[in-house]
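Please open the structure in your viewer and keep the sequence beside it.

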Amino acid sequence: MIRFLSLVASTALFVSVAAGAQSQFSGTGRAKDGDSLMVGDKEVRLVGIDAPELGQTCQRDGQNWACGAAAKDLLISLMRGKTVFCSQTGTDQYRRVLAQCVAGTTDLNRTMVASGYAVAFRRYSTDYVSAEDSAKVNKRGLWSGNFTMPSEYRHASQPPAQVKRAPERRSGRASSNDWAGRAQANCTIKGNRNRRGQWIYHVPGMPYYDQTRAEELFCSEAEAAAAGYRRAIVR
């Protein structure tokens with residue numbers, strides 16, 4: 001009986017160690033953008049943070065700057081000459097490994113947020129909110145000017161989903177998806193629905209207004225709000 005219990009305990013310990021080994025990995029890090037990288041042959045998404053998209057620009061001192069490329073450059077510099085160690089927490093919809101990673105003694109997830117080149121991805125984790133607060137107060141990175149949240153930028157850049165609409169009631173005003181009528185009336189506020197089901201409107205002059213594909217056009221913000229849209233968040 002004692003030998004049996006000893007065997008069970010040894011087996012359990014082996015399984016526990018093996019499971020831990022499967023969630024830990026290391027290698028040379030190669031940045032893809034500010035929050036994703038290759039570690040060996042694994043594609044990794046730094047969990048709990050969200051960096052600007054590679055082609056995204058931000059505003060500072062009245063000028064656009066390539067914040068997405070700058071975030072990638074920072075991640076490259078943090079890993080240069082160091083072995084990257086990662087702890088897997090799961091996988092995402094694109095089958096990338098979600099992980100917390102360090103390069104040498106540098107916590108990559110936290111440092112990207114604390115430096116202001118990524119934000120805390122609150123939808124998935126609140127681990128880096130304090131790091132974001134520090135970057136915001138000290139105006140580091142993205143917080144030195146204005147920017148669109150990376151998640152909002154991605155959704156604004158996606159092709160609009162096809163939405164079936166009920167027939168419009170006849171009135172003297174062109175309906176919100178009557179493009180010709182709205183253009184003649186100088187109705188230029190763009191309504192767009194993202195994949196999360198959020199209805200967002202963009203006003204001329206806002207960042208990424210030109211990249212947003214309108215599904216509806218509105219003549220005023222009040223009209224857009226009445227149709228169920230909210231104003232795009234710009235920071």
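What percentage of the residues in the protein is buried? Buried residues, those under 20% relative accessible area with a 1.4 Å probe and protein chains only, make up 42% of the 235 residues. This is a predicted model, in which local features need pLDDT of at least 70 and side-chain atom pairs count only at pLDDT 80 or more, while totals for chains, interfaces and linings use all residues. Residues are numbered from 1 along each chain as its sequence is written, and side-chain values use heavy atoms, with hydrogens and water left out.

Next, select Trp 199 and Tyr 229. Aromatic rings of Phe, Tyr and Trp (its six-membered ring) pair if their centres lie within 6.5 Å; planes under 30 degrees apart count as stacked, over 60 as edge-to-face and the rest as tilted. The structure holds five such pairs. In this one, the ring centres of Trp 199 and Tyr 229 are 5.0 Å apart and the planes stand at 50 degrees, so the pair is tilted. The two residues lie 30 residues apart in the chain.

Is Tyr 229 buried or exposed? Tyr 229 counts as buried, at 5% relative accessibility. Trp 199, at 32%, is partly exposed, a term for values between the buried limit and the exposed one, which is over 50%.

Terms used
Helices (H or I, at least four residues) and strands (E, at least two) are DSSP runs, numbered from the N terminus.
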